[in-house]
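My entries follow in the order of looking.

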Amino acid sequence: MTRGNARELAVHLIYGRNFTGEAPEQVVAARLQKEYYEQLAEENDVYSDRPSRAQLRYIDNAVMGVSNREEELNAIISQFSIGWDISRISRLTRAMLQLAIYEI
């Protein structure tokens, strides 16, 4: 698995958390269980390889970090999304923007 794939997994988990409202550590633990992960591999190639320990640390850190700083990240997105209310930005796009800004 590449760093890009790990980043994509992090976006999937951030996006999914927007629907479930689960705690970030719960999302990571539940979605990366072996059985659940193997089912997803049939639907999406990014799940074909399991993340390494370093990638798991990155994914966990990214999901936790975005969750803990969500209000701050959304404020930054709102500041620069001129003419767009943040509620009009799709959840997937918002998850990608949140992760990108968090990484910066």
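Predicted model: local features only at pLDDT ≥ 70, side-chain atom pairs only at ≥ 80, totals over all residues.

**Conventions.** I took axes as lines fitted to C-alpha atoms, for helices over the stretch in contact, with angles running from 0 to 180 degrees between N-to-C directions. Helices (H or I, at least four residues) are DSSP runs, numbered from the N terminus. Residues are numbered from 1 along each chain as its sequence is written, and side-chain values use heavy atoms, with hydrogens and water left out.

**Helix 1 and helix 4.** I found the two axes 9 Å apart, at an angle of about 35 degrees. For contact I used heavy atoms within 4.5 Å. On the helix 1 side I listed R3, A6, R7, L9, A10, L13, I14 and R17, and they meet Q55, Y58, I59, A62, V63, V66 and S67 of helix 4. Sorted by class, this contact has ten nonpolar, two polar and three charged residues. Here Ala, Val, Leu, Ile, Met, Phe, Trp, Tyr, Cys and Pro count as nonpolar, Asp, Glu, Lys and Arg as charged, and the others, Gly among them, as polar.

**Helix 1 and helix 2.** The axes of helix 1 (residues 3-20) and helix 2 (residues 24-31) come within 10 Å and cross at roughly 115 degrees. Helix 1 contributes L13, R17 and T20 to the contact, and helix 2 contributes P24, V27, V28 and R31. I counted four nonpolar, one polar and two charged residues there.

**Core.** Which residues touch the most other members of the largest nonpolar core? I got Y58, I59 and L99, out of 21 residues. A nonpolar core is a set of buried Ala, Val, Leu, Ile, Met, Phe, Trp, Tyr and Cys residues joined through side-chain atoms within 4.5 Å; buried means under 20% relative accessible area, exposed over 50% and partly exposed in between, with a 1.4 Å probe and protein chains only. Helix 1 supplies the largest share of this core, six residues. I then checked L99: apart from neighbours within four places in sequence, L99 contacts R7, A10, V11, I14, Y58, A62 and V66.

**Q98.** I placed Q98 in helix 6. Is Q98 buried or exposed? Q98 is buried, because its relative accessible area is 2%. Beyond four places in sequence, Q98 touches I14, V66, E70, L73, N74 and I77.

**L32.** I located L32 in the loop between helix 2 and helix 3. L32 counts as buried because its relative accessibility is 9%.

**Aromatic pair.** I found one aromatic pair in the structure. Y15 and F19 have ring centres 5.1 Å apart and planes at 80 degrees, so I logged the pair as edge-to-face. Rings of Phe, Tyr and Trp (its six-membered ring) pair if their centres lie within 6.5 Å; planes under 30 degrees apart are stacked, over 60 edge-to-face and the rest tilted. Both residues lie in helix 1, four residues apart, about one turn of the helix. Y15 is partly exposed, at 31% relative accessible area.

Terms used. Helix = DSSP H or I, 4+ residues; strand = E, 2+ residues; numbered from the N terminus.
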